Amino acid sequence: MTTKRDFYEVLGVNKDASATEIKKAYRSMALKYHPDKNKSQEAVEKFKEISESYEVLSNPQKKKQYDQFGHAAFNPSSGFRGAGQQAHRQGPFTYSYSSTSNASNFGGFTDPFEIFESFFSGGGSPFRAARIPRYGLTIDFMEAVKGVEKNIIHQGKEYKIKIPPGADDGTRIRFNEFFVSVEVRTHQIFQREGYDIFINHEITFTKAALGDNISVPTIDEKDIKLKVRPGTQPNTLIRLKGKGMPHLRGSGRGDQYIRLIVNVPERLTREQKQILKKFDTLF
């Protein structure tokens, strides 16, 4: 089995390299090994390796996970969950409970050509001109979840375009002589990272201490009831396995994470203050 190279080694930077240094190293190496310019047999694999490394090291959350756990943080077969997680089962789904305050997309990586083109932001890529024309299409968040058909007009002709479930910003669909490039509107509740979904759910500090039953929304448009355990800490994550976005290519879904926000009241009555002071003396 081939061993993955260290991402810092791939880009030729130190572990304490700044974001600017990482970006500069990626730009230099991506231009060198882009298959449109470099026709050697190793160029494609090199370009993928460089893009994979940059995608992780340029994302603060993914970089933190990589620095702590290495490649295992992004390998589903490693069984990685992160410190402090406990698995539970309720009804037809499994969820895990974690006291860590962040989580990353542990799934696959995006198209390396999309990474490269997004790096040049807005048409500055030296290889973009030779690519097939694109038509931009904006869809709602829930349309990206379920998939949708859209009618578009391109060069005077009407086309019916089918957007598959799981589409994200930058998803490209080849249609005849052009590409359709998808942009997804943000949602007021759900936040997306790769195929994972994140929501914030507020609870009172008393319920965090004593435990509680909560109801949280999902992208399946059906709320799920969960039990918050006593002694829950701020920013605790509850993971709902398989309740995230559908995979664009292939079967399966990402996960949904509920971040518990402990709401501490800004104003207390005299009686409430006395109760809390008395409570504090018991420790």
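This is a predicted model: local features need pLDDT of at least 70, side-chain atom pairs count only at pLDDT 80 or more; totals for chains, interfaces and linings use all residues.
Eight aromatic pairs were counted. In one of these, the ring centres of Phe7 and Tyr66 lie 4.6 Å apart. Their planes meet at 25 degrees, so the pair is stacked. The stacked class takes planes under 30 degrees apart. This pair links distant parts of the chain. Phe7 belongs to helix α1 (residues 7-11), and Tyr66 to helix α4 (residues 60-69). The two residues are 59 residues apart. Both Phe7 and Tyr66 are buried. Ring pairs also bring in Tyr8, so to speak of a cluster is to name Phe7, Tyr8 and Tyr66, linked by ring pairs.

A further stacked pair joins Phe141 and Phe190. The relative accessible area of Phe141 is 6%, so Phe141 is buried. Phe190 counts as buried because its relative accessibility is 6%. The cut-off for buried is under 20%.

Charges over a ring were found at Phe179. Arg172 lies over the face of Phe179, at 5.4 Å from the ring centre. Arg174 also lies over the face of Phe179, at 5.5 Å from the ring centre.

Conventions
Residues are numbered from 1 along each chain as its sequence is written. Side-chain values use heavy atoms; hydrogens and water are left out. Rings of Phe, Tyr and Trp (its six-membered ring) pair if their centres lie within 6.5 Å; planes under 30 degrees apart count as stacked, over 60 as edge-to-face and the rest as tilted. Helices (H or I, at least four residues) and strands (E, at least two) are DSSP runs, numbered from the N terminus. Buried means under 20% relative accessible area, exposed over 50%, partly exposed in between (1.4 Å probe, protein chains only). A charge sits over a ring if NZ of Lys or CZ of Arg is within 6 Å of the ring centre and within 35 degrees of the ring normal.
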